[in-house]
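Colleague: I have a model open on my screen and would like to learn how to read it. Could you walk me through a few features, one at a time?

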Amino acid sequence: MGLYLDSAGLDDAVAAAALGFVRGITTNPALMRKETGDPLRHLRDLLAAVDLPEVYYQPTGAYGPPGAEAEEAEEAWSADKDRVVLKLPATPDGAALAGTLTRRGARVALTAAQTPHAMLVAESMGCAAVIPYLDRAVRDLRTDSELIRSLAGLRRGPTRVIAASVKNSGQVLHAFASGADAVTAPLPVLRELLSHPASIEAEQAFAREYASTAKG
């Protein structure tokens with residue numbers, strides 16, 4: 001199991017890394033747009049800010065006319081070929097670029113994988129992961145409500161299922177129970193995972209007990 005931060009914020013990245021259990025960051029064009037007008041430079045800033053092993057980057061189209069995504073993807077990958085995983089949409093155009101990049105040795109994830117067929121395509125290309133949107137799947141009548149379970153059930157190789165569009169800790173549990181290998185979530189949801197009152201009360205009680213014993 002793996003837990004990722006779904007954010008492009010530098011402060012979020014540093015805070016998530018400090019939690020101790022987050023293994024990477026996933027970004028997308030919408031998250032990048034909230035932070036910067038230069039997403040490739042911001043990617044390098046994220047890589048420098050934290051030593052997490054994986055940072056997922058999706059071409060934004062910020063650097064040229066339609067069709068420039070390939071150049072942007074190449075530059076993002078070159079920022080750190082060991083840590084950068086490229087995200088491309090599970091569409092015909094996205095798959096075509098993904099196939100080119102995987103043949104060159106890049107790690108690629110098909111994102112917006114809203115149909116089980118995405119797993120078949122991803123495994124055929126040797127993609128590192130598929131990224132379904134959990135909350136959207138629940139709300140969209142065109143999408144299999146058990147999308148994550150379907151994707152995981154079709155897998156025959158190492159392609160991972162990373163659930164995104166997660167809004168609360170309950171959806172994190174649902175994703176893992178349905179067969180996800182990892183979940184990416186905003187910082188407040190990650191913090192929510194270990195904020196149960198009973199756990200916090202126990203921690204405080206142990207501290208008080210030790211303090212009173214030490215004084216005695």
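Modeller: Happy to. This is a predicted model. Let's begin with burial: a residue counts as buried when its relative accessible area is under 20%. Glu-54 has 6% relative accessibility, so Glu-54 counts as buried.

Colleague: Where does Glu-54 lie?

Modeller: Glu-54 is part of strand S3, which covers residues 54-57. Leaving aside residues up to four places away in sequence, Glu-54 touches a set of residues that includes Tyr-4, Gly-24, Ile-25, Arg-83 and Val-85.

Colleague: And which side chains meet Glu-54 in a salt bridge?

Modeller: The general idea is that side chains of opposite charge can pair when their charged atoms come close. Here, Arg-107 is one such partner of Glu-54, at 2.8 Å from N to O. Because Glu-54 sits in strand S3 and Arg-107 in the loop between helix H5 (92-103) and strand S5 (108-111), this pair ties together parts that are 53 residues apart in sequence. Arg-107 is partly exposed, with 29% relative accessibility. Salt bridges with shared partners also join Arg-23, Glu-54, Arg-107 and Arg-160 into one network.

Colleague: How far apart are the closest N and O atoms of Glu-54 and Arg-23?

Modeller: They are 4.0 Å apart, and the pair forms a salt bridge. Arg-23 belongs to strand S2 (residues 22-26) and Glu-54 to strand S3, so this bridge links parts that are 31 residues apart in sequence. Arg-23 is partly exposed, at a relative accessible area of 32%. Glu-54 also makes a side-chain polar contact with Tyr-56, at 3.5 Å.

Colleague: How many salt bridges does the structure hold?

Modeller: There are 9. Another one joins the side chains of Glu-75 and Arg-44, at 3.7 Å from N to O. Glu-75 is in helix H4 (residues 69-79) and Arg-44 in helix H3 (residues 39-49), so the two helices are tied together by a pair 31 residues apart in sequence. Glu-75 is partly exposed at 38% relative accessible area, and Arg-44 is partly exposed at 39%.

Colleague: How should I read pockets, then? What is the volume of the largest pocket?

Modeller: The largest pocket has a volume of about 370 Å³. It is lined by 17 residues, and those closest to its centre are Asp-6, Asn-28, Leu-31, Ser-165 and Lys-167. Helix H2 (residues 29-35) gives the most to this lining, with 3 residues.

Colleague: And how many cavities of 30 Å³ or more turn up?

Modeller: The search of the whole structure finds 1. The largest cavity has a volume of about 40 Å³, and its lining includes Leu-134, Ala-137, Leu-147 and His-174. Helix H7 (134-139) and helix H8 (147-154) are the elements that give two or more residues to that lining.

Colleague: Thanks, I'll go and look at these on screen.

Methods: Residues are numbered from 1 along each chain as its sequence is written. This is a predicted model: local features need pLDDT of at least 70, side-chain atom pairs count only at pLDDT 80 or more; totals for chains, interfaces and linings use all residues. Side-chain values use heavy atoms; hydrogens and water are left out. On a 1 Å grid over the protein atoms alone, a cavity is a set of points where a 1.4 Å probe fits but cannot get out, and a pocket is an open set with protein on both sides within 12 Å along at least five of seven lines; lining residues have an atom within 4 Å of a point. Grid points are joined across faces, edges and corners, and a volume is the space filled by probe spheres set on the points. Helices (H or I, at least four residues) and strands (E, at least two) are DSSP runs, numbered from the N terminus. A polar contact is a pair of N or O atoms within 3.5 Å; within protein, one must be able to donate a hydrogen and the other to accept it, and residues adjacent in sequence count only if both atoms are side-chain atoms. Contact means heavy atoms within 4.5 Å. Buried means under 20% relative accessible area, exposed over 50%, partly exposed in between (1.4 Å probe, protein chains only).
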